[in-house]
Amino acid sequence: MTERFVVVGAGTMGVGIAYVAAGSGHAVELVEVDRERGGAAVRQLTQLWDRAVQRGKLSAEQAGASRERLALRAGLAEVAEAPDVLVEAVPERLDLKRAVLAEAEALRPGLLGSNTSSIPIADLAAALARPERFCGLHFFNPVWAMALLEIVVGSATAPETTDAAVALAGRLGKDPVVVRDMPGFATSRLGVTLGLEAIRMVADGVASPADVDKAMVLGYRHPIGPLELTDLVGLDVRLDIARTLQAAYGDRFAAPPLLAELVSEGRLGRKVGRGFYDWTDGIRSGGTEILGTAGGASDGAGSAAGAAR
Ligand code: NAD
């Protein structure tokens, strides 16, 4: 059965979710309010399908059929009522997500999910009239490559909604974990801890980004290091998550000044070509210029990038 799938937000995650949903046979409406980003999302999806054909992962017919199943929308007002599944993937800001979810709920989706990385589902559900149909549907980046779907069960989420989310994971080829609603859930709370500490270590001059990453890859068998992962996720996204976790758990999640500094310089990671590393032509290089020198500088003023440059 072809399900109607709506994805709101065509950024890093929305594009990935749309790609996987269309590839699983769903008719996907991808909603993006920023016209330029909407166009870029469609180009990226086309590239993904072309590459899958070149690599022999999809036939030209399969890729063409997936492309046919995708439609770009400039706003939720353009979406027909009652999609089977609606996933919100707009930036990690409580007020924005609440507003989008309230508008999305009015379309009466069968299952309503948020791709939030850290915001408690209960805080988002407060904006909803039918919170029993709502849960966290936390996909991982890049969505087509990462097997996990973290399903976050809020206090108002009905058991049927959790069951529907688990069944959806199966239809999308994902392996689910079902977790209790706490800020940062089971994944971001641990993953961001490692990422923030790695940034403090670079600011303190312990080692370059490449060597901190290499230490984790070769010494701890991580598939990629925490700084490369931060570049992949987006430094702005990580900063938003750190702020949510700091509000919930205190200063152990306070973002190091270096992270905020790089974000304010527009070094948002791979998506803009520069973060901890340079990503020209998609190839990782550089990173040494942000190596700090002063021990303990990561927590204090006048630290990090300033000291290093
Ligand atoms: P992003 O900034 O790349 O994309 C968000 C998109 O939403 C932007 O294109 C923006 O224009 C669009 N948008 C904003 N308001 C909108 C609205 N009202 N209607 C439609 N579109 C709107 O962000 P992202 O990295 O894709 O993250 C999205 C969510 O997924 C966040 O909650 C983030 O925490 C979570 N997440 C991110 C990652 C990651 O690796 N980047 C991984 C897992 C979860």
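**Note on the ligand shell and aromatic pairs**

1. Helices (H or I, at least four residues) and strands (E, at least two) are DSSP runs, numbered from the N terminus. This is a predicted model: local features need pLDDT of at least 70, side-chain atom pairs count only at pLDDT 80 or more, and totals for chains, interfaces and linings use all residues. Residues are numbered from 1 along each chain as its sequence is written, and side-chain values use heavy atoms, with hydrogens and water left out.

2. Now the N and O atoms. A polar backbone atom of methionine 13 is 2.8 Å from an oxygen atom of the ligand. Asparagine 141 places a polar side-chain atom 3.1 Å from an oxygen atom of the ligand. For valine 233, a backbone N or O atom lies 2.9 Å from a nitrogen atom of the ligand. On its own the ligand has 840 Å² of accessible area, and the protein covers 91% of it (Shrake-Rupley method, 1.4 Å probe).

3. The whole structure holds four aromatic pairs. Rings of Phe, Tyr and Trp (its six-membered ring) pair if their centres lie within 6.5 Å; planes under 30 degrees apart count as stacked, over 60 as edge-to-face and the rest as tilted. Tyrosine 19 and tryptophan 49 have ring centres 5.6 Å apart and planes at 35°, so this pair is tilted. Tyrosine 19 sits in helix H1 (residues 12-23) and tryptophan 49 in helix H2 (residues 35-54), 30 residues apart.

4. Is tyrosine 19 buried or exposed? Tyrosine 19 counts as buried, at 14% relative accessibility (buried is under 20% relative accessible area, exposed over 50%, partly exposed in between; 1.4 Å probe, protein chains only). Tryptophan 49 is buried too, at 1%. The rings of tyrosine 19 and tryptophan 144 also have centres 5.6 Å apart, but their planes are at 75°, so that pair is edge-to-face. Tryptophan 144 is partly exposed, at 38%. Ring pairs link Tyr19, Trp49 and Trp144 into a cluster.

Notes
A polar contact is a pair of N or O atoms within 3.5 Å; within protein, one must be able to donate a hydrogen and the other to accept it, and residues adjacent in sequence count only if both atoms are side-chain atoms.
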